[in-house]
Amino acid sequence: VYERAISQVPPVQEKRFWRRYVYLWINYALFEEMVAQDTDRTRAVYKGLLDTIPHDAFSFAKAFALAAHFEVRQLDLSAARRIMGQGVGRCGRLGKEKVFKDYIHLERQLGEIDRCRTLYKKYLEFMPTNCGAWARFADLERSLGENTRARAVFEVAISQPSLDMPEVLWKQYIDFEISVAREAAADGPDEDDPVSGGAVGCLER
């Protein structure tokens, strides 16, 4: 039944006509994995899906993410990363940030912080005006206690010639500095982290 359904390829390369078709492939892959429990066949279905999508016109980040998570469940991280890398190449140039979010989330779950940093850098190469991406990168460093790194991310972000929501980014930067300053005041002075100067400088600007 699934084979007959996926043989009916949409004749028009418009994403709205492809959504239901792509979900047929996804349901097919889930059937092979969860019901038939056929690993090789599941892998082949995901490969068929990714090969069929006309990536020059549009792409589906979800397809890459599902294929990669399947490989993670098979404990094949190299295959998962290869698929997500292809997704970055296909979707990133189309301005689709979901593939970056999915890949970063995957690496964060695996505890691969350096890979997350590398992905954020690639993410921002494609979308340097994206304030949300800059803020999430800074939040990653903040969550790790890397305040100096977080501050550096904010500094690079505000130096960009164009940003989509600069006022939101500035507010997050100021909130970050205030939060760090409060922590420093509670813990006592820290010579290695020029918190008060950063906060004052940020507010002055």
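A residue is called buried when its relative accessible area is under 20%, exposed when that area is over 50%, and partly exposed in between, with a 1.4 Å probe and protein chains only. The model is predicted, so local features need pLDDT of at least 70 and side-chain atom pairs count only at pLDDT 80 or more, while totals for chains, interfaces and linings use all residues. Residues are numbered from 1 along each chain as its sequence is written, and side-chain values use heavy atoms, with hydrogens and water left out.

**Exercise 1.** Locate Leu75 and Gln37, and decide whether each is buried or exposed.

*Solution.* Begin with Leu75, which lies in the loop between α4 (61-73) and α5 (77-92); helices here are DSSP runs of H or I with at least four residues, numbered from the N terminus. Its relative accessible area is 76%, so Leu75 is exposed. Next, note that phi of Leu75 is near 65°, a positive value in a residue other than glycine. Gln37 is not a glycine either, yet its phi is positive, at about 55°.

**Exercise 2.** Describe helix α7 and work out where its buried residues lie.

*Solution.* Then list the buried residues, which are Ile113, Cys116, Arg117, Leu119, Tyr120, Tyr123 and Leu124. Seen down the helix axis, these buried residues fall within an arc of 165°, so they line one face of α7; the arc is that of the directions from the axis to the C-beta atoms. The face turned away from the buried side carries the exposed residues Asp114, Thr118, Lys121 and Glu125. Finally, the cover over the buried residues of α7 includes α6 (98-109), α8 (131-143) and α9 (147-158), with contact taken as heavy atoms within 4.5 Å.

**Exercise 3.** Determine which side chain Asn147 meets in a polar contact.

*Solution.* Asn147 is placed in helix α9, and with a relative accessible area of 12% it is buried. Its side chain makes a polar contact with the side chain of Arg142, at 3.0 Å. Such a contact is a pair of N or O atoms within 3.5 Å; within protein, one must be able to donate a hydrogen and the other to accept it, and residues adjacent in sequence count only if both atoms are side-chain atoms.

Notes: Helices (H or I, at least four residues) and strands (E, at least two) are DSSP runs, numbered from the N terminus.
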